[in-house]
Structure formats: C-alpha cells, structure tokens
Amino acid sequence: MKWIIALLLAPLGLYTGCEEGAPAPFDGEGAWQYLVQQCDFGPRPPRSPGHEKTVRLIAEVLQNAGAKVTLQRFEVDDPYGDDPLPVINVIGSFDPEKTRRVILAAHYDTRPWADQEEDESLHTQPIIGANDGASGVAVLLQLAKMFSLRTPREIGVDLVFFDAEDYGKEGDPEHYLIGSQYFAANLKGYRPECGILLDMVGAKDAAIRQEGYSLEMARMLCLELFGRAAQMQLPVFVAERNQAYYDDHVPLLRAGIPMVDLIGLPYPWWHTLEDTPDKCSDETLRQVGTLLADFIYRYSW
Ligand SMILES: [Zn+2]
C-alpha cells in the first residue's frame, strides 16, 4: 500500500521534502578545481589582488548556490604598517529563517611571509597557500553547490570564510585570527549549535588527528566526527590526539560554541613557498568533504 501512495504522490513533488542524505557523493574533483583556481589568483593576503579575486569568487559561488551573502567588513590597526588593515569575512547563510544553525568555516587569506623557509632572504615573500588557505575554502565551496541541490533538513548552515587568520608574525599571537576574533566578538545573538573549522585539509597523504583544543572543549563533537570517519572508511582521519593549535576555532570556543578544528598538521611545507597544488590531492579533499556532507545531512546533534 505504501508504495502505491508514494507513486500517487511522486508526480506532485510532495516527496521531495522527505528526501534525506546528500544529493550525490561529494565531488573531490570539483573541490580540486576551486583549490587550483584560488592558487592561480596568486598569494592572497589582505590588500593583494589575489585576495580581492578570492572574495569575489566566494561571494559568486555562494550567491549562485542560493545563500544569503554577507560581507563583514572592518578595519584594524596594522601592527606592521601605517595604514589601517582592511579585513573582510565572507558569510553565506543557507535557509536563514531556520533557528537551529551550524557553522562551517575556513580561512581564505594566505600568509604574507614565508617565514618557515630555511633561507631567511625568502621570509619577506608571500606564500601560495594551496593547503594553508585554498584547501578549506575549496571544500566549503563544493559543499555550497551540494546545499543548492538539496537543503539539509534539520538545520540552516552558515559557511564562514575568515580573513586575516595568518597575518601575525611569529611570537605575536595577538595579530593572528583577526577575522575570527572579530566575528566571535560580534555574534549579536547568533548562537549556532556547533561548528567545524577546516584548515590545511588538502595535503597528499594527509593525517588529520584530533586537535587538542577541540578534543578538550568540543569533545563530544570531536569524537563523533572521528568515529563516523572510521565507520565511513576515510583514512585521512586518524583517531589520535594531536597537539593544540591556536586557530580560528579558539575565539568561537571561548564564546561558548563547540567547534572542532580539522587540521592537517604537521605539514612539511607549512608557511613556505612550497605550499603549492602539487603537494595536495583531490582524494584528500574528497574525504574531508564526504565527512562534512554526512555530518550535515544526517545531523542529529
Ligand atoms: Zn597558516
């Protein structure tokens, strides 16, 4: 009997609202194209032409996917220059009317200084940031396309692209995470239930382990994600404790939002001129995107 009713209702489209799960497997190749496209823009620190092009790309993809796009613009004193530093967080909200919300985030700026190069004369050069910058954005943009195909049922998703994560100089932690600190200080009643941060999620043969702050301050979510990754046989995720990293999730954790940082460190080309697309792989992006799509579409938090 049930299937007869289904047959009768299907042509009316009444069943579309009952669909569950992701509309298709996560497309790692599609995410890879976004990674390459960002790297083709060149280095992407604040004030650079590559930065401007990345903001435009993100806003365009979000808009085309049907998200409400907000540019959160502000200025801070530039600790390393005379003029104020312009900063732009880009936010894409899906189903803004829903009250239950989840935040997925990544930083899109790249480091202006290759200060992990052995040769000190290279320390003033900006990095390409294929892994450190482009990879997280690439996964989120591909997810945006998925959300445009099928709306996650339980929750509204906010994709947040932080600026100026990597602007600080070594030994000067205050000037890192500029975008996320501002975002967390201006929540104005916005209370997502939880969040996931992506940073350096594109390396070939990456091992993403349980980041220290995430494991301590968002333990349930962290264990849930790694447990699910094991069930889904996504070997990029390794259920071992990693050290704590001062990353964009910290201001949000401090604001009381459980947020897990999926971060592929150590990475041998971190903050060097060698952080280029040839060190990355579409397979790693696919596994990360697969975990996030599963999390969002099966949301039962
Ligand atoms: Zn970095």
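1. In helix 5, the residues Ile178, Gly179, Ser180, Gln181, Phe183 and Ala184 are buried, a residue being called buried if 20 or more other C-beta atoms lie within 10 Å of its own, exposed if 12 or fewer, and partly exposed in between, with C-beta atoms placed from the backbone. Because six of the eight residues of helix 5 (residues 178-185) are buried, this helix is largely enclosed by the rest of the structure. The cover over these buried residues includes strand 1 (68-76), strand 2 (85-93), strand 3 (101-107), strand 4 (156-162) and helix 8 (249-254). Helices (H or I, at least four residues) and strands (E, at least two) are DSSP runs, numbered from the N terminus.

2. The model is predicted, and local features need pLDDT of at least 70, while side-chain atom pairs count only at pLDDT 80 or more and totals for chains, interfaces and linings use all residues. Residues are numbered from 1 along each chain as its sequence is written.

3. As a whole, the protein has nine helices and eight strands, and 48% of its 301 residues count as buried. A compact globule of 301 residues would have a radius of gyration near 19 Å, and the protein, with 19 Å, agrees with this; the radius is taken over C-alpha atoms, and the globule rule is 2.2 Å times the number of residues to the power 0.38. The C-alpha trace spans about 75 × 35 × 35 Å along its principal axes. Among contacts between residues at least 6 apart in sequence, 80% join residues at least 24 apart, two residues being in contact if their C-beta atoms, placed from the backbone, lie within 7 Å.

4. Axes here are lines fitted to C-alpha atoms, for helices over the stretch in contact, and angles run from 0 to 180 degrees between N-to-C directions. Helix 2 contributes Gly28, Glu29, Ala31, Trp32 and Leu35 to the contact, and helix 9 contributes Asp282, Glu283, Leu285, Arg286 and Gly289. By class, this contact of helix 2 with helix 9 holds four nonpolar, two polar and four charged residues, where Ala, Val, Leu, Ile, Met, Phe, Trp, Tyr, Cys and Pro count as nonpolar, Asp, Glu, Lys and Arg as charged, and the others, Gly among them, as polar.

5. Helix 4 (residues 130-149) packs with helix 9 at an angle of about 50 degrees, their axes lying 10 Å apart. Helix 4 and helix 9 are therefore oblique to each other, given that angles under 35 degrees count as roughly parallel, over 145 as roughly antiparallel, 65 to 115 as roughly perpendicular and the rest as oblique. On the side of helix 4 the contact involves Ser135, Ala138, Val139, Gln142, Leu143 and Met146, and on the side of helix 9 Leu285, Val288, Gly289, Leu292 and Ala293. The residues in this contact of helix 4 with helix 9 comprise eight nonpolar, three polar and no charged.

6. For helix 7 (residues 219-231) and helix 9, the axes come within 10 Å and cross at roughly 115 degrees. Here Leu225, Arg228 and Ala229 of helix 7 meet Leu291, Asp294 and Phe295 of helix 9, and the contact of helix 7 with helix 9 divides into four nonpolar, no polar and two charged residues.

7. Ala164, in the loop between strand 4 and helix 5, has a positive phi of about 50 degrees although it is not a glycine, and it counts as buried because it has 27 C-beta neighbours inside 10 Å. Lys188, in the loop between helix 5 and strand 5 (194-199), has a positive phi of about 45 degrees, again without being a glycine, but Lys188 counts as exposed because it has 5 C-beta neighbours inside 10 Å.

8. The peptide bond from Leu265 to Pro266 is cis, with omega near 0 degrees, and Pro266 is found in the loop between strand 8 (259-263) and helix 9.

9. Finally, Glu216 lies in helix 6 (residues 212-217) and counts as partly exposed because it has 13 C-beta neighbours inside 10 Å. The C-alpha atoms of Glu216 and Arg150 are separated by 33 Å, the two residues being 66 apart along the chain.
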